[in-house]
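Welcome! Take a look at the sequence and the structure below, and then let's walk through them together with a few questions.

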Amino acid sequence: MSFVVVTEMNQVAYVKLHRPEVRNSFNPEMIAELTKIFTDLEARKDLRAVVLQGEGKVFCAGADLNWMKEMVNFTFEQNREDSLKLFGMFEAIAQCSLPVIGMIHGAAFGGALGLVAVCDEVIAEENTQFCFSEVKLGIAPAVISAFVNKKAVAGKVRPLMLSGVVFNSHIAQQAGLVTEVVPVGEGHTALQKVLHGYMQCGPDAVRETKKLLNDLDTLNWADQRSRTTTVIAERRASNEGQEGLKSFLEKREPAWRLN
């Protein structure tokens, strides 16, 4: 039984959480599935982008209730092993070199905010509710914190993580978790504009840019100098870069542009 549905259209993969009867909450099977899906997508050179979304009334309610019941009896080592798999899922999405666009509606609670954080762009309906609910349960938003802190504005998101308060899409946008807030029902229109923008770009250039951005904060200054100058040199000399520069100078569309 699959808890995630993947469809493809016009060089875009649509990854949809598909447990609407439990508000698309995580369980170990869904975590394993998402990890494999995004690991496989990383190897796909024929795609331009990935859209992550949820089936039903909400995007994702966080951890599955039955999974939480099992956790109560876990040993420390079982909890740690379980958490490593969850971290691996977020990491697989974050490290996927395709741009990932999140479509968030209804609610995103607990671990769902980890999914929000690993998306490169996030479109949220204005009535969506967000919450770092872990502290309300006496636990911590620990696994997702590495990804949230990398994306969000620290001074904005810290009180949200510490208090467990429910907040709206506009506050999520101010905190850096959400890119665009749209009226209910207008997410598809906004998504098409975002996808159109990516279709104007060199697909390899987008992938290499994402890889570079993911790696920069792990490099010291000397390594940053080496990596950044190498990347631009490689891009200029690449077939895609040559086509992009020549088409610009010749005032024509590059071969890889899709309208």
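**A guided look**

Q: Which residue's backbone oxygen does the side chain of Ser-25 reach?
A: We are working with a predicted model here. Ser-25 sits in the loop between β2 (12-17) and α1 (28-42). At 3.0 Å from its side chain lies the backbone oxygen of Val-22.

Q: Is Ser-25 buried or exposed?
A: A residue counts as buried when its relative accessible area is under 20%. The value for Ser-25 is 4%, so this residue is buried.

Q: Which residues is Ser-25 in contact with, leaving aside its neighbours within four places in sequence?
A: Contact here means heavy atoms within 4.5 Å. Setting those sequence neighbours aside, the partners of Ser-25 are Arg-19, Met-30, Cys-60, Gly-62, Ala-63 and Asp-64.

Q: How many helices and strands does the protein have, and how does its radius of gyration relate to the globule rule?
A: The protein has 11 helices and nine strands. For 259 residues the globule rule gives 18 Å, and the protein is close to that, so it is as compact as a globular protein of that length. Its radius of gyration is 19 Å.

Q: What percentage of the contacts with a separation of 6 or more comes from residues 24 or more positions apart?
A: Let's take the contacts in the protein whose partners have a separation of 6 or more. Among these, the share of residues 24 or more positions apart is 69%.

Q: Which residues touch the most other members of the largest nonpolar core?
A: Buried residues make up 44% of the 259 residues in the protein, and the largest nonpolar core has 54 residues. Leu-41, for example, touches Ala-13, Val-15, Leu-47, Val-50, Cys-96, Leu-98 and Arg-207, not counting residues up to four places away in sequence. A second, separate core of 15 residues includes Val-51, Ile-123, Tyr-198 and Met-199. In the largest core, the members that touch the most others are Phe-26, Phe-38, Leu-41, Phe-59, Phe-90, Phe-132 and Leu-177.

Q: How many disulfides does the count come to?
A: For Cys-119, too, the closest cysteine sulfur, in Cys-96, is too far for a bond, at 11 Å. By the 2.5 Å rule, the number of disulfides comes to zero.

Technical notes. Residues are numbered from 1 along each chain as its sequence is written. This is a predicted model: local features need pLDDT of at least 70, side-chain atom pairs count only at pLDDT 80 or more; totals for chains, interfaces and linings use all residues. Side-chain values use heavy atoms; hydrogens and water are left out. Helices (H or I, at least four residues) and strands (E, at least two) are DSSP runs, numbered from the N terminus. Buried means under 20% relative accessible area, exposed over 50%, partly exposed in between (1.4 Å probe, protein chains only). A polar contact is a pair of N or O atoms within 3.5 Å; within protein, one must be able to donate a hydrogen and the other to accept it, and residues adjacent in sequence count only if both atoms are side-chain atoms. The radius of gyration is taken over C-alpha atoms; the globule rule is 2.2 Å times the number of residues to the power 0.38. A nonpolar core is a set of buried Ala, Val, Leu, Ile, Met, Phe, Trp, Tyr and Cys residues joined through side-chain atoms within 4.5 Å.
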